[in-house]
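Biologist: I am new to this structure and would like to learn how to read its features one at a time. Could you show it to me and then take me through it slowly?

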Amino acid sequence: MPEHAATPANPAPSAAGRRAVKAVIPAAGLATRFLPATKAVPKELLPVVDRPVLQYIVEEAAQAGLTDVLLITGRGKTAMVDHFDRRPDLEARLAEKPELLAEVRRTAELASIHTCRQPEQLGLGHAVGYAESHVGDQPFAVLLGDEFVNLSEPLLPAMLDLQARTGGIVLAFFEVPPEETTRYGIASVAPADPALTDLGEVVEVTGLVEKPKPEDAPSNLAVLGRYVLPAGIFEAIRRTPKGSGGEIQLTDAMGLMLKEGVPVHAIVYRGIRYDTGMPLGYLQTVVQLACEREDIGAEFRRWLGEFIASDAGRRT
């Protein structure tokens, strides 16, 4: 799987009508919230039952037809690429276990995985900028590496269709309680063109505010970690100064394009979203998906109920 250098490609602005076919997954962060577990194991490979978080995200991309996936990686994260590679020695040992063999082979068949090294973690915008030579002048999707949605309630297909129609930026929002606005990018919105509403609950984005206080938040619509972007975002990133945390923020680059007249829309997602970016959300995701499993769900739910009812489960 080749490494791709981030050499400037100077692409022309994306035009409406071209549907994105490539996905970019920024996954170079240090995951300090999960230390010491992530000292040697990438956070993206932490298991949710028997699949790592990253596999759920690649599966989400593949389901939407995005089978060309670029991982923006960092130092010590080569195991992420290994997970999607073939293992002939392991496959040989699983010859008499066809169901397990099929699952192991499937990881190498989900998508064509490419990698690019981000030498320093200087913000999400900085990371996305490294995808330029791989993406070229085509629109593309960005999927953050610590959240995913239920495949039975897909989000990306409608986002890809919306971007192909408008040629601009497409985001995804979900509703949060007012007290949680300080954790997310929050949007101000207006009604969208009625011609776009066949794709779902579509709104026009008029502004983005990073982690506002509840009294300052323009709405309760938070940015979900899915973006479909025109290739013009790369030139905008190059013109974006360091922002919050001294980093180059993707939100700032998108805000620059919005000010310059690029249309920005979003789909409000009402399905199930799994957030593994913090330990609590990660544990909640593991429990939710374990409860839904056909093979272990019933037994696990029974044990969980007994545990909660027991003295051990009531301790604080």
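Biologist: At what angle do helix α10 and helix α11 pack?

Modeller: Axes are lines fitted to C-alpha atoms, for helices over the stretch in contact, and angles run from 0 to 180 degrees between N-to-C directions. Here α10 (residues 279–292) and α11 (residues 297–309) pack at about 125°, their axes lying 6 Å apart. That makes α10 oblique to α11, given that angles under 35 degrees count as roughly parallel, over 145 as roughly antiparallel, 65 to 115 as roughly perpendicular and the rest as oblique. Helices (H or I, at least four residues) and strands (E, at least two) are DSSP runs, numbered from the N terminus. This is a predicted model, in which local features need pLDDT of at least 70 and side-chain atom pairs count only at pLDDT 80 or more, while totals for chains, interfaces and linings use all residues. Residues are numbered from 1 along each chain as its sequence is written, and side-chain values use heavy atoms, with hydrogens and water left out.

Biologist: Which residues of α10 and α11 meet?

Modeller: Contact means heavy atoms within 4.5 Å, and on the α10 side V287, A290, C291 and E292 meet G297, F300, R301 and L304 of α11. The residues of this contact divide into 5 nonpolar, 1 polar and 2 charged, where Ala, Val, Leu, Ile, Met, Phe, Trp, Tyr, Cys and Pro count as nonpolar, Asp, Glu, Lys and Arg as charged, and the others, Gly among them, as polar. Leaving aside neighbours within four places in sequence, L304 is in contact with V287 and C291.

Biologist: How many aromatic pairs does a search of the whole structure find?

Modeller: Rings of Phe, Tyr and Trp (its six-membered ring) pair if their centres lie within 6.5 Å, with planes under 30 degrees apart counted as stacked, over 60 as edge-to-face and the rest as tilted. The search finds 7 such pairs, one of them between F174 and Y184, which is edge-to-face at 5.3 Å centre to centre with 90° between the planes. This pair links distant parts of the chain, since F174 belongs to strand β8 (residues 169–175) and Y184 to the loop between β8 and β9 (185–191), 10 residues apart. Ring pairs also link Y56, F148 and Y274 into a cluster.

Biologist: Are F174 and Y184 buried or exposed?

Modeller: Buried means under 20% relative accessible area, exposed over 50%, and partly exposed in between (1.4 Å probe, protein chains only); both F174 and Y184 are buried. Helix α1 (residues 53–63) is mostly covered, with 10 of its 11 residues buried, including Y56. H134, in helix α6 (residues 132–135), counts as buried at 9% relative accessibility.

Biologist: Which residue's side chain does H134 join through a polar contact?

Modeller: A polar contact is a pair of N or O atoms within 3.5 Å; within protein, one must be able to donate a hydrogen and the other to accept it, and residues adjacent in sequence count only if both atoms are side-chain atoms. The partner of H134 is D68, at 2.7 Å.

Biologist: Where are the backbone features that deserve a second look?

Modeller: Most residues other than glycine have a negative phi, and most peptide bonds are trans. A31, which is not a glycine, has a positive phi of about 55° and lies in the loop between β1 and β2. In that loop is also P36, joined to L35 by a cis peptide bond with omega about 5°.
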